[in-house]
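I opened my notebook to look up a pocket and the parts of the protein around it. Here is what I wrote down, entry by entry.

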Amino acid sequence: MTQHALAAPVAGWYPDPSRQAPLRWWDGASWTSLTTAGAAVPTATAGVSARTAGWWERARGYLLDAALLWFASLMVLGRFHEPFLIELVGILRVSILTDGGIPGPLQWWDYGLVQMWLVTAIPGVVLRVAYDMICLVWRGATVGHARNDLRVVSASASVDLEGPKGLVWHRALRRSLVLRLLAPTCLGWLVCVLWPLWDPQSRSLADLAAGTRVVSLDHGLNPWG
């Protein structure tokens with residue numbers, strides 16, 4: 001295959017052009033480092049194609065999921081956060097009025113706010129992991145993914161686009177835990193968002209941990225269909 005002709009084939013296992021292995025994985029845009037000695041299998045339905053999802057497509061899906069989960073967290077877990085917010089506002093008011101500034105990191109610990117934040121954050125993480133697990137195991141896509149015609153698939157398997165296909169539970173769990181445990185911190189959030197920009201297959205740290213990748217389906221092919 002020439003570089004000009006590679007736009008047509010859908011993602012899947014094809015004869016390795018470098019002849020280093022019987023088959024090499026084509027992600028819809030370029031050859032990957034994944035190889036296998038197994039037999040080739042059909043990778044998609046005729047007329048249906050999948051390619052590696054772009055950064056903006058992933059970002060739109062992530063932001064939509066974040067908005068949905070923020071609203072759900074506010075509705076379901078609002079009472080968990082109320083004592084923490086009341087204590088936070090009280091400490092900030094006293095500190096600004098008496099000391100003329102915001103408390104330092106050690107003072108936050110002394111006041112017990114770090115401990116309170118951890119306690120209130122745990123239910124939110126559980127909610128987000130449950131959301132990911134249900135969506136990815138059931139349909140292979142969250143609401144944000146589905147709205148942007150994206151699907152999360154195994155990085156080492158062919159893409160079967162006939163109907164909804166979910167991830168196996170342990171892949172979904174690993175992916176969700178890495179994403180949800182990193183995202184609450186500023187540095188972790190930046191790493192999660194920016195990592196696909198320099199990964200050859202546009203995979204995030206969560207994808208690398210779970211052995212998954214995100215593909216973009218033909219427009220209108222809803223993963224929840």
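I started with the second largest pocket, which has a volume of about 400 Å³. A pocket here is an open set of points on a 1 Å grid over the protein atoms alone, where a 1.4 Å probe fits, with protein on both sides within 12 Å along at least five of seven lines; lining residues have an atom within 4 Å of a point. The volume is the space filled by probe spheres set on the points, with grid points joined across faces, edges and corners. Of the 23 lining residues, R58, A59, Y62, L179 and C192 are the closest to the centre.

I noted that this is a predicted model, where local features need pLDDT of at least 70, side-chain atom pairs count only at pLDDT 80 or more, and totals for chains, interfaces and linings use all residues. Residues are numbered from 1 along each chain as its sequence is written, and side-chain values use heavy atoms, with hydrogens and water left out.

Helices are DSSP runs of H or I with at least four residues, strands are runs of E with at least two, and both are numbered from the N terminus. The largest share, eight residues, comes from α1.

I looked at R58 next, which lies in helix α1 (residues 55-98). R58 counts as buried because its relative accessibility is 13%; buried means under 20% relative accessible area, exposed over 50%, and partly exposed in between (1.4 Å probe, protein chains only). Leaving aside neighbours within four places in sequence, R58 has contacts (heavy atoms within 4.5 Å) that include L150, R175, P196 and D207.

I then turned to α5, residues 169-182, whose buried residues are R171, A172, R175, S176, L179 and R180. Why are they on the same side of α5? They cover an arc of only 140 degrees around the axis, taken from the directions from the helix axis to the C-beta atoms.

R171 and A209 are 38 residues apart in sequence, yet 8.5 Å apart in space, C-alpha to C-alpha.

Conventions. The expected span of a helix is 1.5 Å times one less than its number of residues.
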